[in-house]
Amino acid sequence: MSSYLLVFHAVAHEWPGGRSTRIYDFKVQTLRVTKLCNTKEIVTINKKFPGPVVYAQEDDRIIVKVTNETPYNATIHWHGVRQKLSCWFDGPSYITQCPIQAGQTFTYEFTLVKQKGTFFWHAHVSWLRATVYGAIVVYPKTRVPYPFKHPYEEHIVILGEYWLRDVVQLEQQVLASGGASPPADAFTINGHPGPNYNCSNNDVYKIDVVPGKTYLLRLINAGLNMENFFAIAYHKLTIVEADAEYTKPFTTDRVMLGPGQTMNVLVTADQPIGKYSMAMGPYMSAQNVSFQNISAIAYFQYLGAVPNSLSLPAKLPSFNDNLAVKTVMDGLRSLNPVNVPKEIDTSLFVTVGLNVNRCRSKTPRRNCQGMNNGTFAASMNNISFVKPTISILESYYKKIGGHFTEDFPGAPLKFYDFVNGAPNNAPNNTQAINGTRTKVIEFGSRVQIIFQDTGTVSTENHPIHLHGYSFYVVGYGNGNFNPQTANFNLIDPPYMNTIGVPVGGWAAIRFVADNPGVWFMHCHLDIHQSWGLGGVLIVENGKREMESLPHPPADLPRC
C-alpha cells in the first residue's frame with residue numbers, strides 16, 4: 001500500500017496535500033434484511049446498514065473507490081465536506097457527475113482541508129439515500145485536544161427513516177401521482193426501529209454507560225423526508241458542535257435535526273442506575289401532511305441496570321413545537337468570534353416553498369392528486385429545478401451548450417406577502433416555471449443569501465443545504481424578511497452547511513465564494529428536492545493557480 005501512496009502523491013502534486021491518505025473500498029450491494037415483520041432487499045454499501053464509517057484526521061486525503069454491483073444508478077455525496085478544488089468528486093447526480101451505472105466504478109478523491117468533526121456520506125440519486133448512508137468522523141490533528149473535556153467514550157447515532165417499499169419506485173410513483181409522499185414505515189436509530197414498532201422488540205440500538213462518565217454522541221440526521229426531535233430520558237444534552245464546527249457549549253433537554261444536519265452533544269450519566277430511552281420523533285411544521293408519529297427508541301443503559309427492565313420514557317416536544325426548534329437554534333453560536341463578511345458583493349433573495357400546478361393530465365384521478373386536484377411542485381424564486389441529462393459541471397467545463405442557463409433570478413419576479421398570501425389563486429397555481437437555471441458568481445465574491453419561506457401551499461421549515469461551502473447563519477426570524485427590522489449576529493454566528501429556514505420565516509447566510517465549481521443548493525427533504533426545490537451556484541475560477549478547477553478525472557462516469 002505504501003508504494004501505491006508514493007506513486008499517488010507524485011501525480012497529485014496539483015492538489016492540496018493531506019497529511020496522510022486513507023483508502024476505502026465501497027461496493028454498492030443489495031442486502032436482504034428483515035425489519036417490521038417484512039423481509040426485503042435494500043441497497044447498501046458493503047452489505048452494511050448503516051454503512052461503514054469513514055475515519056480520518058483534519059487535512060487528510062480520502063480516496064474511496066466505489067463499485068456499483070446493483071442494477072440501480074448510484075453516486076455518493078460527502079455531506080459537509082467543502083471539496084476545495086475537488087468539485088468533480090462532490091457526488092450529486094447530474095450536477096457534478098453522471099451516475100455510476102450498474103457494473104461501473106468511480107474513485108472519489110478529496111482532502112479535508114481545515115475540516116474536522118462529524119459529517120456523513122449518502123447516495124445522491126433518486127431516494128437511494130434512504131438506506132445508503134454512513135458517518136464520516138474527522139478527528140483533530142494529532143495532539144490537538146477538543147475544546148471541551150475529553151469524553152469517556154464516543155458513539156455515532158444516526159437517525160433514519162425506513163420504507164418497506166422500494167424507494168426508487170416509490171419516488172417515481174409519488175411524482176407520477178402529482179400528490180404527497182406517504183410517510184415512512186418507521187423511524188430508526190442506527191438502523192433499528194426499537195420496541196414501539198411491530199416485530200422490533202429486539203431490533204433496538206443500545207449504548208452501555210458507566211455511571212458518572214461523560215459521553216460524546218455524534219448525532220446525524222440521515223432521514224429522507226422528515227425533520228426530527230431527539231432526547232434522552234432525564235438527561236441533559238450539551239451541544240458542542242453543529243455541522244462539523246465547534247459551538248459555545250449549550251445545554252438543552254432536546255435537539256431538532258433536519259435531514260443533512262449533524263450535531264455533537266455531551267451527555268453525562270449522572271442519573272440513578274437504570275435503563276433510559278433515547279427517543280427520535282417527528283417535527284412536522286407544515287399543515288395537513290400525514291407523517292409517521294411513532295417514536296424510534298434506543299437504550300442508554302447504565303451498567304448495573306436490570307437487563308429486562310422497562311426503559312424510562314423520554315419526553316419529546318409535540319410534533320409541531322416550533323418554539324422548541326427556535327430555542328435550540330438561538331443557542332447555537334460559534335465557539336470563537338469569526339470573520340463574517342461585512343460588505344456584500346452578491347446579494348440573493350430566494351423564496352423557498354411548495355407550489356400547486358394546474359392539472360394537465362388526461363387521467364387526473366391518477367396524476368393530479370395534489371391540492372385542489374393539481375400537481376405538487378416546489379421551487380426557489382418560483383422556478384422548479386430540473387436536472388439535466390448530463391452533468392452541469394461537465395457541460396460548464398467543456399462548454400457544451402443547451403443543458404443549463406445562467407439566468408437564475410437574484411430575487412423573485414414579484415414581491416407580495418410571502419408568508420400569508422399566494423401570488424395567484426387558480427387552484428393555488430403559482431405558475432412555477434421549470435428550468436435548469438444557474439447563478440454565476442465571481443470568484444472571491446462576498447455573498448449574502450436571504451431564504452424566505454412561503455405559505456402558498458403551507459409554511460414549513462425547510463432544511464436548505466449548500467454544497468461546496470459552509471456559511472455563517474447571520475440571522476433568522478418570523479414573517480417576511482424586513483431589512484429595517486432584521487437582527488444580524490456578525491460576531492459569533494454558527495458556521496453551518498444546512499440551515500432550517502424557519503416555518504413562516506426567513507434565514508440569512510453569508511460566505512465568501514472562494515471555491516470554484518458547480519454547487520447544488522437544495523432542500524434536504526428529498527420529496528421537495530424531487531419536486532424542484534433547488535438551484536445551482538456556479539463559482540467561476542479565480543486568477544491564481546490554486547483558484548481554478550482541475551481537469552476532470554479520467555474515470556468520470558458517462559451518462
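Predicted model: local features only at pLDDT ≥ 70, side-chain atom pairs only at ≥ 80, totals over all residues.
Begin by selecting the open sheet of four strands, whose order is S2-S1-S4-S6 and whose pairing is mixed. Strand S2 (38–45) and strand S6 (105–111) stand at the edges; each has a single partner strand, so one side of each lacks a neighbour in the sheet. From one strand to the next, the twist averages 20 degrees.

Next, select strand S1 (residues 21–35) and strand S4 (residues 61–68), which run parallel and are joined by eight bridges. Tyr24 has Val64 in S4 as its bridge partner. Of the seven residues of S6, six are buried.

**Aromatic rings.** Phe106 also belongs to a cluster linked by ring pairs, together with Phe26, Trp78, Phe89, Tyr108, Phe110 and Trp121. The structure holds 32 aromatic pairs. For one of them, select Tyr469 and Trp519: the ring centres are 6.2 Å apart and the planes stand at 80 degrees, so the pair is edge-to-face. Tyr469 lies in the loop between strand S26 (462–466) and strand S27 (471–478), and Trp519 in strand S31 (residues 517–523), so the pair ties together parts 50 residues apart in sequence. Tyr469 counts as buried at 5% relative accessibility, and Trp519 is buried at 0%.

**Charges over rings.** Finally, select Lys40, which lies over the face of Tyr162 at 5.3 Å from the ring centre. Lys275 lies over the face of Tyr299, at 4.3 Å from the ring centre.

Methods:
Residues numbered from 1 in each chain as written. Heavy atoms only, no water. Pairing = 2+ DSSP bridges. Helix = DSSP H or I, 4+ residues; strand = E, 2+ residues; numbered from the N terminus. Axes fitted to C-alpha atoms, helices over the stretch in contact; angles between N-to-C directions. Buried < 20%, exposed > 50% of the residue type's maximum accessible area, 1.4 Å probe, protein only. Phe/Tyr/Trp six-rings, centres within 6.5 Å; stacked < 30°, edge-to-face > 60°. Lys NZ or Arg CZ within 6 Å of the ring centre and 35° of its normal.
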